[in-house]
Amino acid sequence: MKRNATAVWNGTGKEGSGHLTTQSTVLNKTQYSFNSRFADGVGTNPEELVAAALSGCFAMKLTFVVSGAGFTAETIDVNSTITLDAGAITNAHLTVKATVPGISQEKFDECMEDVKANCLISKLLNVDKTYEVSLTN
């Protein structure tokens, strides 16, 4: 399996602008710019897309691991915050809220450890990761 996306940039770094298109066209010439990346401009930015990829991958992997342990999650809600500092991504903080009827905290913690070690996007991000986790049965 291969997935792709295209970025087109026009102009200078600060005054220019660009757009992103994904293979699925969920993003289709979606704008991004210096302001959407480093200020409060309209559009997306690479760090926001990394956060979305991490949240989506982590939530889906946790669902599969919980199911493999014999439980069905009602809801897995993952929010990822990517920290950009001094020109580098330095941290990814994940807030995980899960509703999994019948699972013990101990079993859920085991599932979380599996996901922390095996989520594909998490493995791709070689940065410090912090977690805030809450479980509702």
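Tutor: Contact, or touching, means here that heavy atoms lie within 4.5 Å. The model is predicted, and local features need pLDDT of at least 70 while side-chain atom pairs count only at pLDDT 80 or more, whereas totals for chains, interfaces and linings use all residues. Residues are numbered from 1 along each chain as its sequence is written, and side-chain values use heavy atoms, with hydrogens and water left out.

Student: In what order do the elements of the protein run from the N terminus on?
Tutor: Helices (H or I, at least four residues) and strands (E, at least two) are taken as DSSP runs and numbered from the N terminus. The protein has four helices and six strands, and its C-alpha atoms fill a box of roughly 55 × 30 × 25 Å along the principal axes. Read from the N terminus, the order of the elements is β-β-β-α-α-β-β-α-α-β.

Student: What share of the 137 residues in the protein is buried?
Tutor: A residue is called buried under 20% relative accessible area, exposed over 50% and partly exposed in between, with a 1.4 Å probe and protein chains only. By that scale, the buried share of the 137 residues is 30%.

Student: In S6, which residue stands opposite Leu-94?
Tutor: Two strands are said to pair if DSSP finds at least two bridges between them. S5 and strand S6 (residues 128-136) run parallel and are joined by nine bridges. Across this pairing, the residue of S6 that faces Leu-94 is Tyr-131.

Student: Which residue in the hairpin of S4 and S5 takes a positive phi?
Tutor: S4 and S5 pair in the antiparallel sense over 11 bridges, and Asp-77 has Lys-97 of S5 as its bridge partner. Two residues lie between the strands of this hairpin, and the positive phi, near 55 degrees, belongs to Ala-86.

Student: How many residues lie between S1 and S2 in their hairpin?
Tutor: Strand S1 (residues 5-10) and strand S2 (residues 17-22) run antiparallel and are joined by six bridges, with Ala-5 standing opposite Thr-22 in S2. In the turn, Gly-11 has a positive phi of about 95 degrees, and the number of residues between the two strands is six.

Student: Is Lys-29 buried or exposed?
Tutor: Lys-29 lies in the loop between S2 and S3 and has a positive phi of about 55 degrees although it is not a glycine. Thr-25 lies in the loop between S2 and S3 as well, has a positive phi of about 65 degrees without being a glycine, and is partly exposed because its relative accessible area is 46%. Since Lys-29 has 58% relative accessibility, it counts as exposed.

Student: How far apart in space are Asn-28 and Lys-116, C-alpha to C-alpha?
Tutor: Asn-28 is found in the loop between S2 and strand S3 (30-33) and, leaving aside neighbours within four places in sequence, is in contact with Leu-20 and Thr-21. Asn-28 and Lys-116 are 88 residues apart in sequence, and their C-alpha separation in space is 31 Å.

Student: Is Ser-122 buried or exposed?
Tutor: Ser-122 lies in helix H4 and, not counting residues up to four places away in sequence, touches Leu-54, Lys-116, Lys-129 and Tyr-131. Because its relative accessible area is 3%, Ser-122 is buried.
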